[in-house]
Amino acid sequence: MIALGGAIGAGLFVGSGVGIAAAGPGILVSYALAGVLTVLVMRMLGEMSAAHPDTGSFAEHARRAFGPWAGLLAGWMYWALLVVSVAAEAVAAAHIVGGWLPAVPGWAWVAVFMTVFTASNLAGVRNFGELEFWFAGLKIAAIGGFLLLGAAVLLGTMPGSPSPGAGHLLRDGGFLPHGWYGVAVGLVAAVFAFGGLETVTIAAAECEDPVRAVRAGVRAVMWRVAVCYLGSMAVIVTLVPWDAPGVADGPYAAVMDRIGVPGAGDLMKAVVLVALLSAMNANIYGSSRMLYALVGRGDAPRVLGRLGRRSGVPYAAVLASAAFGFVSVVLSLLWPRTVFPFLLDSIGAAILLVWALIAASHLRLHGPSVRAAVALVGIGGVLVFMLGDAASRTQLLTTGSWALALLVLARVRSLRSVRTGPGTGPLPS
(Lines give C-alpha, C1' and ligand atoms only; values in the text may rest on other atoms or scores of the structure.)
Protein backbone atom coordinates (compact mmCIF):
# COMPACT_ATOMS: atom_id res chain seq x y z
CA MET A 1 0.00 0.00 0.00
CA ILE A 2 2.95 2.34 0.63
CA ALA A 3 4.24 1.71 -2.87
CA LEU A 4 0.79 2.35 -4.33
CA GLY A 5 0.66 5.57 -2.33
CA GLY A 6 3.78 6.78 -4.09
CA ALA A 7 2.85 5.54 -7.56
CA ILE A 8 -0.86 6.33 -7.87
CA GLY A 9 -0.81 10.10 -7.74
CA ALA A 10 -1.41 13.04 -10.01
CA GLY A 11 0.56 11.25 -12.72
CA LEU A 12 -2.38 8.88 -13.16
CA PHE A 13 -5.38 11.10 -12.41
CA VAL A 14 -4.19 14.22 -14.23
CA GLY A 15 -0.92 13.52 -16.06
CA SER A 16 -2.45 10.67 -18.04
CA GLY A 17 -4.43 13.27 -19.98
CA VAL A 18 -1.21 14.45 -21.62
CA GLY A 19 -0.47 10.92 -22.80
CA ILE A 20 -3.99 10.47 -24.14
CA ALA A 21 -3.77 13.76 -26.05
CA ALA A 22 -0.53 12.57 -27.65
CA ALA A 23 -1.38 8.93 -28.39
CA GLY A 24 -5.17 8.79 -28.57
CA PRO A 25 -6.48 5.24 -28.03
CA GLY A 26 -2.89 4.14 -28.65
CA ILE A 27 -2.24 5.13 -25.03
CA LEU A 28 -3.23 1.53 -24.28
CA VAL A 29 -0.11 0.39 -26.14
CA SER A 30 1.97 3.01 -24.31
CA TYR A 31 0.79 1.88 -20.88
CA ALA A 32 1.12 -1.79 -21.79
CA LEU A 33 4.75 -1.29 -22.82
CA ALA A 34 5.47 0.81 -19.75
CA GLY A 35 3.76 -1.82 -17.61
CA VAL A 36 5.94 -4.61 -19.03
CA LEU A 37 9.06 -2.54 -18.39
CA THR A 38 7.90 -1.80 -14.84
CA VAL A 39 7.19 -5.46 -14.12
CA LEU A 40 10.64 -6.47 -15.34
CA VAL A 41 12.36 -3.85 -13.18
CA MET A 42 10.25 -4.59 -10.09
CA ARG A 43 10.83 -8.33 -10.34
CA MET A 44 14.58 -7.83 -10.54
CA LEU A 45 14.49 -5.35 -7.67
CA GLY A 46 12.34 -7.75 -5.66
CA GLU A 47 14.81 -10.60 -6.15
CA MET A 48 17.78 -8.50 -5.04
CA SER A 49 15.91 -7.01 -2.08
CA ALA A 50 14.67 -10.41 -0.91
CA ALA A 51 18.24 -11.70 -0.96
CA HIS A 52 19.65 -8.55 0.71
CA PRO A 53 16.91 -6.46 2.38
CA ASP A 54 18.26 -3.02 3.14
CA THR A 55 16.88 0.47 3.74
CA GLY A 56 19.02 1.68 0.84
CA SER A 57 17.29 -0.79 -1.52
CA PHE A 58 18.48 -0.36 -5.11
CA ALA A 59 21.21 2.12 -4.06
CA GLU A 60 22.80 -0.61 -1.93
CA HIS A 61 22.41 -3.18 -4.71
CA ALA A 62 24.13 -0.79 -7.13
CA ARG A 63 26.92 -0.30 -4.60
CA ARG A 64 27.44 -4.05 -4.25
CA ALA A 65 27.42 -4.47 -8.02
CA PHE A 66 29.60 -1.58 -9.19
CA GLY A 67 31.10 0.15 -6.18
CA PRO A 68 30.50 3.28 -4.06
CA TRP A 69 29.99 5.60 -7.05
CA ALA A 70 26.90 3.70 -8.19
CA GLY A 71 25.34 3.74 -4.73
CA LEU A 72 25.95 7.46 -4.36
CA LEU A 73 24.49 8.18 -7.81
CA ALA A 74 21.36 6.05 -7.35
CA GLY A 75 20.70 7.24 -3.80
CA TRP A 76 21.05 10.97 -4.36
CA MET A 77 19.19 10.95 -7.70
CA TYR A 78 16.25 9.15 -6.12
CA TRP A 79 16.29 11.44 -3.09
CA ALA A 80 16.16 14.49 -5.36
CA LEU A 81 13.34 12.94 -7.37
CA LEU A 82 11.23 12.38 -4.27
CA VAL A 83 11.77 15.71 -2.52
CA VAL A 84 11.05 17.76 -5.65
CA SER A 85 7.95 15.60 -6.18
CA VAL A 86 6.82 16.40 -2.63
CA ALA A 87 7.01 20.12 -3.41
CA ALA A 88 5.11 19.71 -6.69
CA GLU A 89 2.40 17.66 -4.96
CA ALA A 90 2.07 20.20 -2.14
CA VAL A 91 1.57 23.07 -4.59
CA ALA A 92 -0.97 21.09 -6.63
CA ALA A 93 -2.92 20.05 -3.51
CA ALA A 94 -3.01 23.65 -2.27
CA HIS A 95 -4.36 24.75 -5.66
CA ILE A 96 -7.26 22.29 -5.39
CA VAL A 97 -8.22 23.28 -1.85
CA GLY A 98 -7.79 26.96 -2.74
CA GLY A 99 -10.49 26.55 -5.36
CA TRP A 100 -12.92 25.49 -2.64
CA LEU A 101 -11.73 27.99 -0.01
CA PRO A 102 -10.34 30.98 -1.91
CA ALA A 103 -10.16 33.16 1.19
CA VAL A 104 -7.19 31.13 2.46
CA PRO A 105 -3.92 31.82 0.58
CA GLY A 106 -2.27 28.90 -1.17
CA TRP A 107 0.96 29.15 0.82
CA ALA A 108 -1.02 28.52 4.02
CA TRP A 109 -2.35 25.22 2.69
CA VAL A 110 1.13 24.23 1.59
CA ALA A 111 2.40 24.91 5.10
CA VAL A 112 -0.42 22.85 6.62
CA PHE A 113 0.16 19.87 4.34
CA MET A 114 3.92 19.88 4.78
CA THR A 115 3.61 20.19 8.56
CA VAL A 116 1.04 17.40 8.87
CA PHE A 117 3.01 14.89 6.82
CA THR A 118 6.33 15.79 8.35
CA ALA A 119 4.72 15.13 11.75
CA SER A 120 3.25 11.82 10.58
CA ASN A 121 6.69 10.67 9.44
CA LEU A 122 8.29 11.76 12.72
CA ALA A 123 5.68 9.96 14.83
CA GLY A 124 6.95 6.47 13.96
CA VAL A 125 6.83 4.09 11.06
CA ARG A 126 3.73 2.31 12.38
CA ASN A 127 1.72 5.53 12.49
CA PHE A 128 2.97 6.52 9.06
CA GLY A 129 2.06 3.10 7.70
CA GLU A 130 -1.48 3.28 9.08
CA LEU A 131 -2.06 6.70 7.53
CA GLU A 132 -0.67 5.62 4.17
CA PHE A 133 -2.70 2.42 4.25
CA TRP A 134 -5.96 4.37 4.46
CA PHE A 135 -4.85 6.92 1.88
CA ALA A 136 -3.94 4.20 -0.58
CA GLY A 137 -7.14 2.33 0.24
CA LEU A 138 -9.25 5.37 -0.64
CA LYS A 139 -7.48 5.74 -3.97
CA ILE A 140 -7.91 2.09 -4.86
CA ALA A 141 -11.58 2.27 -3.87
CA ALA A 142 -12.04 5.32 -6.10
CA ILE A 143 -10.40 3.62 -9.06
CA GLY A 144 -12.36 0.44 -8.38
CA GLY A 145 -15.62 2.40 -8.44
CA PHE A 146 -14.51 4.15 -11.62
CA LEU A 147 -13.81 0.81 -13.32
CA LEU A 148 -17.16 -0.64 -12.23
CA LEU A 149 -19.08 2.38 -13.49
CA GLY A 150 -17.18 2.25 -16.77
CA ALA A 151 -17.88 -1.47 -17.19
CA ALA A 152 -21.57 -0.90 -16.50
CA VAL A 153 -21.78 1.74 -19.24
CA LEU A 154 -19.87 -0.41 -21.73
CA LEU A 155 -22.19 -3.35 -21.04
CA GLY A 156 -25.24 -1.12 -21.48
CA THR A 157 -26.53 -1.68 -17.94
CA MET A 158 -26.24 1.96 -16.79
CA PRO A 159 -29.63 3.74 -17.08
CA GLY A 160 -29.44 6.86 -19.24
CA SER A 161 -25.93 6.06 -20.51
CA PRO A 162 -26.00 4.08 -23.76
CA SER A 163 -22.94 2.02 -24.52
CA PRO A 164 -20.62 3.53 -27.17
CA GLY A 165 -19.19 0.11 -27.98
CA ALA A 166 -15.74 0.22 -29.53
CA GLY A 167 -16.52 3.20 -31.75
CA HIS A 168 -14.24 5.70 -29.97
CA LEU A 169 -11.29 3.34 -30.37
CA LEU A 170 -11.48 3.43 -34.15
CA ARG A 171 -13.10 6.77 -35.03
CA ASP A 172 -11.66 10.26 -34.53
CA GLY A 173 -8.48 9.56 -36.46
CA GLY A 174 -8.23 5.84 -35.80
CA PHE A 175 -6.51 3.85 -33.08
CA LEU A 176 -3.18 5.64 -33.66
CA PRO A 177 -4.21 9.18 -34.67
CA HIS A 178 -0.63 10.48 -34.33
CA GLY A 179 1.09 7.29 -35.38
CA TRP A 180 3.83 5.57 -33.43
CA TYR A 181 5.34 8.91 -32.51
CA GLY A 182 2.27 9.57 -30.37
CA VAL A 183 2.64 6.15 -28.76
CA ALA A 184 6.26 6.98 -27.92
CA VAL A 185 5.24 10.29 -26.30
CA GLY A 186 2.58 8.44 -24.33
CA LEU A 187 5.17 5.85 -23.30
CA VAL A 188 7.37 8.55 -21.77
CA ALA A 189 4.41 9.90 -19.78
CA ALA A 190 3.44 6.38 -18.69
CA VAL A 191 6.95 5.49 -17.51
CA PHE A 192 7.08 8.54 -15.27
CA ALA A 193 3.59 7.76 -13.94
CA PHE A 194 4.77 4.29 -12.85
CA GLY A 195 7.67 5.76 -10.86
CA GLY A 196 7.36 5.40 -7.09
CA LEU A 197 6.84 1.65 -6.87
CA GLU A 198 10.44 1.24 -5.74
CA THR A 199 9.43 2.51 -2.28
CA VAL A 200 8.01 -0.91 -1.45
CA THR A 201 11.52 -2.37 -1.12
CA ILE A 202 12.63 0.57 1.03
CA ALA A 203 9.69 0.10 3.39
CA ALA A 204 10.15 -3.68 3.54
CA ALA A 205 13.48 -3.23 5.35
CA GLU A 206 11.55 -1.95 8.38
CA CYS A 207 9.11 -4.89 8.48
CA GLU A 208 9.34 -7.75 10.97
CA ASP A 209 9.97 -10.20 8.10
CA PRO A 210 11.68 -8.20 5.33
CA VAL A 211 12.13 -11.11 2.91
CA ARG A 212 8.48 -12.11 3.03
CA ALA A 213 7.38 -8.46 2.87
CA VAL A 214 9.42 -7.80 -0.26
CA ARG A 215 8.15 -10.85 -2.12
CA ALA A 216 4.51 -10.31 -1.20
CA GLY A 217 4.66 -6.56 -1.78
CA VAL A 218 6.24 -6.74 -5.21
CA ARG A 219 3.79 -9.40 -6.41
CA ALA A 220 0.76 -7.49 -5.14
CA VAL A 221 1.90 -4.12 -6.43
CA MET A 222 2.53 -5.35 -9.98
CA TRP A 223 -0.91 -6.74 -10.71
CA ARG A 224 -2.81 -4.06 -8.78
CA VAL A 225 -1.10 -1.25 -10.62
CA ALA A 226 -1.60 -3.04 -13.95
CA VAL A 227 -5.34 -3.19 -13.26
CA CYS A 228 -5.52 0.41 -12.03
CA TYR A 229 -3.54 1.92 -14.89
CA LEU A 230 -4.43 -0.21 -17.89
CA GLY A 231 -8.03 -0.66 -16.77
CA SER A 232 -8.48 3.07 -16.28
CA MET A 233 -6.98 3.93 -19.66
CA ALA A 234 -9.23 1.37 -21.36
CA VAL A 235 -12.34 2.86 -19.76
CA ILE A 236 -11.37 6.44 -20.64
CA VAL A 237 -10.54 5.97 -24.34
CA THR A 238 -13.54 3.69 -24.85
CA LEU A 239 -16.18 5.92 -23.23
CA VAL A 240 -15.12 9.35 -24.49
CA PRO A 241 -13.39 10.59 -27.66
CA TRP A 242 -9.69 11.01 -26.96
CA ASP A 243 -9.76 14.56 -28.32
CA ALA A 244 -12.92 15.65 -26.50
CA PRO A 245 -12.73 18.93 -24.55
CA GLY A 246 -11.53 18.37 -21.00
CA VAL A 247 -9.86 14.99 -21.55
CA ALA A 248 -6.33 16.41 -21.70
CA ASP A 249 -6.81 18.34 -18.44
CA GLY A 250 -8.86 15.78 -16.51
CA PRO A 251 -9.65 12.47 -18.22
CA TYR A 252 -11.34 10.92 -15.18
CA ALA A 253 -13.62 13.92 -14.67
CA ALA A 254 -14.47 13.84 -18.40
CA VAL A 255 -15.64 10.23 -18.07
CA MET A 256 -17.66 10.97 -14.94
CA ASP A 257 -19.38 13.85 -16.75
CA ARG A 258 -20.12 11.50 -19.65
CA ILE A 259 -21.73 9.01 -17.28
CA GLY A 260 -23.73 11.77 -15.64
CA VAL A 261 -22.47 11.49 -12.07
CA PRO A 262 -23.67 14.55 -10.05
CA GLY A 263 -20.85 16.84 -9.00
CA ALA A 264 -18.34 14.85 -11.07
CA GLY A 265 -15.86 17.71 -11.20
CA ASP A 266 -15.64 18.23 -7.44
CA LEU A 267 -15.72 14.48 -6.80
CA MET A 268 -12.67 13.91 -8.98
CA LYS A 269 -10.92 16.92 -7.46
CA ALA A 270 -11.39 15.27 -4.07
CA VAL A 271 -9.94 12.01 -5.37
CA VAL A 272 -6.97 13.83 -6.91
CA LEU A 273 -6.44 15.67 -3.61
CA VAL A 274 -6.30 12.37 -1.72
CA ALA A 275 -3.88 11.01 -4.32
CA LEU A 276 -1.60 14.03 -3.97
CA LEU A 277 -1.59 13.95 -0.17
CA SER A 278 -0.93 10.22 -0.16
CA ALA A 279 1.98 10.62 -2.57
CA MET A 280 3.39 13.44 -0.40
CA ASN A 281 3.27 11.21 2.66
CA ALA A 282 4.91 8.27 0.89
CA ASN A 283 7.59 10.39 -0.77
CA ILE A 284 8.66 12.07 2.47
CA TYR A 285 9.03 8.58 3.91
CA GLY A 286 10.97 7.22 0.94
CA SER A 287 13.29 10.23 0.69
CA SER A 288 14.11 10.19 4.41
CA ARG A 289 14.97 6.47 4.38
CA MET A 290 17.12 6.84 1.29
CA LEU A 291 18.93 9.76 2.90
CA TYR A 292 19.46 7.71 6.06
CA ALA A 293 20.94 4.90 3.97
CA LEU A 294 23.29 7.38 2.28
CA VAL A 295 24.49 8.48 5.73
CA GLY A 296 25.17 4.86 6.65
CA ARG A 297 27.48 4.47 3.62
CA GLY A 298 29.31 7.74 4.24
CA ASP A 299 27.65 9.53 1.30
CA ALA A 300 25.83 12.15 3.41
CA PRO A 301 26.65 14.13 6.58
CA ARG A 302 26.56 11.93 9.68
CA VAL A 303 24.34 14.38 11.55
CA LEU A 304 21.48 13.34 9.26
CA GLY A 305 21.65 9.79 10.65
CA ARG A 306 20.31 10.63 14.09
CA LEU A 307 17.44 8.43 15.32
CA GLY A 308 14.60 9.19 17.69
CA ARG A 309 15.12 7.47 21.04
CA ARG A 310 11.61 6.07 21.32
CA SER A 311 10.37 5.96 17.73
CA GLY A 312 13.58 4.77 16.06
CA VAL A 313 12.74 7.17 13.22
CA PRO A 314 15.65 8.92 11.44
CA TYR A 315 14.21 12.28 12.41
CA ALA A 316 17.14 14.31 11.08
CA ALA A 317 16.71 12.76 7.63
CA VAL A 318 12.94 13.35 7.76
CA LEU A 319 13.43 17.01 8.67
CA ALA A 320 16.10 17.49 6.00
CA SER A 321 13.91 15.95 3.30
CA ALA A 322 10.88 17.97 4.38
CA ALA A 323 12.99 21.13 4.58
CA PHE A 324 13.94 20.81 0.94
CA GLY A 325 10.25 20.44 0.18
CA PHE A 326 9.50 23.68 2.03
CA VAL A 327 12.30 25.48 0.15
CA SER A 328 11.08 24.15 -3.19
CA VAL A 329 7.58 25.38 -2.41
CA VAL A 330 8.89 28.85 -1.63
CA LEU A 331 10.78 28.83 -4.93
CA SER A 332 7.61 27.76 -6.73
CA LEU A 333 5.72 30.69 -5.23
CA LEU A 334 8.44 33.28 -5.92
CA TRP A 335 9.52 32.13 -9.40
CA PRO A 336 6.79 29.80 -10.71
CA ARG A 337 7.86 30.16 -14.35
CA THR A 338 11.61 29.74 -13.95
CA VAL A 339 13.12 28.11 -10.86
CA PHE A 340 10.49 25.49 -10.10
CA PRO A 341 10.17 24.23 -13.68
CA PHE A 342 13.96 23.97 -13.66
CA LEU A 343 13.78 21.75 -10.57
CA LEU A 344 11.16 19.56 -12.23
CA ASP A 345 13.30 19.26 -15.35
CA SER A 346 16.30 18.40 -13.19
CA ILE A 347 14.70 15.18 -12.02
CA GLY A 348 12.63 14.50 -15.14
CA ALA A 349 14.61 11.46 -16.27
CA ALA A 350 15.84 10.36 -12.82
CA ILE A 351 13.50 7.38 -12.64
CA LEU A 352 14.91 6.01 -15.91
CA LEU A 353 18.43 6.32 -14.54
CA VAL A 354 17.42 4.46 -11.37
CA TRP A 355 15.70 1.70 -13.37
CA ALA A 356 18.77 1.32 -15.58
CA LEU A 357 20.97 0.90 -12.48
CA ILE A 358 18.55 -1.69 -11.08
CA ALA A 359 18.67 -3.75 -14.28
CA ALA A 360 22.44 -3.40 -14.61
CA SER A 361 22.94 -4.37 -10.96
CA HIS A 362 20.82 -7.49 -11.41
CA LEU A 363 22.83 -8.39 -14.50
CA ARG A 364 26.09 -7.97 -12.59
CA LEU A 365 25.01 -9.76 -9.39
CA HIS A 366 22.87 -12.57 -10.84
CA GLY A 367 24.53 -13.20 -14.18
CA PRO A 368 23.06 -13.10 -17.72
CA SER A 369 19.33 -12.45 -17.69
CA VAL A 370 16.79 -11.99 -20.48
CA ARG A 371 14.76 -9.72 -18.20
CA ALA A 372 17.71 -7.43 -17.53
CA ALA A 373 18.66 -7.29 -21.20
CA VAL A 374 15.11 -6.49 -22.32
CA ALA A 375 14.72 -3.87 -19.59
CA LEU A 376 17.98 -2.15 -20.50
CA VAL A 377 17.07 -2.11 -24.20
CA GLY A 378 13.64 -0.67 -23.35
CA ILE A 379 15.07 2.01 -21.07
CA GLY A 380 17.70 2.85 -23.67
CA GLY A 381 15.00 3.22 -26.29
CA VAL A 382 13.04 5.66 -24.14
CA LEU A 383 16.19 7.70 -23.44
CA VAL A 384 17.07 7.86 -27.14
CA PHE A 385 13.55 9.03 -27.97
CA MET A 386 13.72 11.72 -25.26
CA LEU A 387 17.03 12.93 -26.67
CA GLY A 388 15.49 13.29 -30.11
CA ASP A 389 12.22 14.84 -28.92
CA ALA A 390 12.43 18.60 -28.39
CA ALA A 391 9.81 18.54 -25.62
CA SER A 392 11.71 15.91 -23.59
CA ARG A 393 15.32 16.78 -24.42
CA THR A 394 15.66 19.46 -21.73
CA GLN A 395 14.62 17.04 -18.99
CA LEU A 396 17.10 14.42 -20.16
CA LEU A 397 20.03 16.82 -20.52
CA THR A 398 19.38 18.54 -17.18
CA THR A 399 19.05 15.26 -15.31
CA GLY A 400 22.18 14.03 -17.07
CA SER A 401 24.06 17.13 -15.89
CA TRP A 402 23.16 16.43 -12.26
CA ALA A 403 24.14 12.79 -12.68
CA LEU A 404 27.49 13.83 -14.12
CA ALA A 405 28.07 16.18 -11.18
CA LEU A 406 27.38 13.33 -8.75
CA LEU A 407 29.79 11.06 -10.62
CA VAL A 408 32.51 13.72 -10.41
CA LEU A 409 31.84 14.04 -6.68
CA ALA A 410 32.09 10.28 -6.25
CA ARG A 411 35.36 10.22 -8.18
CA VAL A 412 36.86 13.02 -6.09
CA ARG A 413 35.87 11.26 -2.89
CA SER A 414 37.44 8.06 -4.15
CA LEU A 415 40.71 9.76 -5.08
CA ARG A 416 40.96 11.55 -1.75
CA SER A 417 39.87 8.46 0.18
CA VAL A 418 37.47 10.58 2.19
CA ARG A 419 35.81 8.64 4.99
CA THR A 420 33.01 9.90 7.20
CA GLY A 421 33.26 7.16 9.82
CA PRO A 422 31.49 3.85 10.28
CA GLY A 423 27.95 3.37 9.11
CA THR A 424 25.03 4.03 11.41
CA GLY A 425 23.71 0.51 10.97
CA PRO A 426 20.28 -0.78 10.00
CA LEU A 427 17.10 0.88 11.14
CA PRO A 428 15.45 -0.79 14.14
CA SER A 429 12.12 -2.45 13.46
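**Exercise 1. How do the axes of helix H10 and helix H17 cross, and which residues make the contact?**

Solution. Start with the axes, which are lines fitted to C-alpha atoms over the stretch in contact, with angles from 0 to 180 degrees between N-to-C directions. Those of H10 (residues 179-194) and H17 (residues 350-366) come within 9 Å and cross at roughly 75 degrees. H10 is therefore roughly perpendicular to H17 (65 to 115 degrees). Next, list the contact residues (heavy atoms within 4.5 Å). H10 supplies Val-191, Phe-192 and Phe-194, and H17 supplies Ile-351, Leu-352 and Trp-355. Finally, sort by class: 6 are nonpolar, with no polar and no charged residues.

The model is predicted: local features need pLDDT of at least 70, side-chain atom pairs count only at pLDDT 80 or more, and totals for chains, interfaces and linings use all residues. Residues are numbered from 1 along each chain as its sequence is written, and side-chain values use heavy atoms, without hydrogens and water.

**Exercise 2. Is Thr-38 buried or exposed, and which residues does Thr-38 touch?**

Solution. Locate Thr-38 in helix H4 (residues 27-51). Its relative accessibility is 5%, so Thr-38 counts as buried (under 20% relative accessible area; exposed is over 50%, partly exposed in between; 1.4 Å probe, protein chains only). Leave out residues up to four places away in sequence: Thr-38 then touches Phe-194, Leu-197 and Trp-355. Thr-38 and Trp-355 lie 317 residues apart along the chain, yet their C-alpha atoms are separated by 8.7 Å.

**Exercise 3. How many residues of helix H13 are buried, and what follows H13?**

Solution. Count along residues 251-259: 7 of 9 are buried. Among them are Tyr-252, Met-256 and Ile-259. Then comes Gly-260, with a positive phi near 95 degrees.

Terms used. Helix = DSSP H or I, 4+ residues; strand = E, 2+ residues; numbered from the N terminus. Parallel < 35°, antiparallel > 145°, perpendicular 65-115°, else oblique. Nonpolar A, V, L, I, M, F, W, Y, C, P; charged D, E, K, R; others polar.
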